[in-house]
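Here is a short briefing to read alongside your model. Have a look at the structure first, and then we can walk through some side-chain details together.

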Amino acid sequence: MKKLFVAAVVVLSSLLSLQVEARNDLVTLELKPVMESNKAKEALLDVPVYFAGQSHPEVAQSMGVVTTSRKTNALNKSDREACEWVLLSALKVLQDNARDNGYDAVINIKSNYEHNEFSSAEEFQCGAGFLMAGVALKGEVVKFK
């Protein structure tokens, strides 16, 4: 019994000493394929979203900047697949905020992963890891003239 216990301790300590490297890569992906996908058409509301640098109608009133940070399970998914899914989830939160408060759209949307702002009309950033993927966005909720 003592030998079995010692063997179990040796095996357990060997397993615990293995280094498991956590991955948290910041990836930059194109917006256009996501926004034109069937998933976007199914998931997003009819509240327009405009990323930083995209033209939009003239603003009459601003509610201010709203932020969101969303995560999704990335296990057995490519970085692209997980990041696209979580981007749509984050955009829906911004759209819900605009709609629920009686506003028309969300403009000047920027990636804000780990509070590092990334502004682009053509790309977004996502934190991609082995188990999770995350997107943080901020955008201005507005009414148009």
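Which backbone nitrogen lies 2.9 Å from a polar atom of the side chain of S111? It belongs to Q125. Please keep in mind that this is a predicted model, where local features need pLDDT of at least 70 and side-chain atom pairs count only at pLDDT 80 or more, while totals for chains, interfaces and linings use all residues. Residues are numbered from 1 along each chain as its sequence is written, and side-chain values use heavy atoms, with hydrogens and water left out.

**Around S111**
- S111 lies in strand β4 (residues 105-111); strands are DSSP runs of E, at least two residues, numbered from the N terminus.
- At 2% relative accessibility, S111 is buried (under 20% relative accessible area, with exposed meaning over 50% and partly exposed in between; 1.4 Å probe, protein chains only).

**Aromatic rings**
- The structure holds 1 aromatic pair (ring centres of Phe, Tyr or the six-membered ring of Trp within 6.5 Å).
- The ring centres of Y50 and F144 are 6.0 Å apart with planes at 75 degrees, so the pair is edge-to-face (planes over 60 degrees apart; under 30 is stacked and the rest tilted).
- Because Y50 sits in strand β2 (residues 49-51) and F144 in strand β6 (residues 132-144), the pair ties together parts 94 residues apart in sequence.
- Y50 is buried at 17% relative accessibility, and F144 is buried with a relative accessible area of 17%.

**Around F130**
- You will find F130 in the loop between β5 (123-129) and β6.
- F130 is exposed, at 57% relative accessible area.

Notes:
Helices (H or I, at least four residues) and strands (E, at least two) are DSSP runs, numbered from the N terminus. A polar contact is a pair of N or O atoms within 3.5 Å; within protein, one must be able to donate a hydrogen and the other to accept it, and residues adjacent in sequence count only if both atoms are side-chain atoms.
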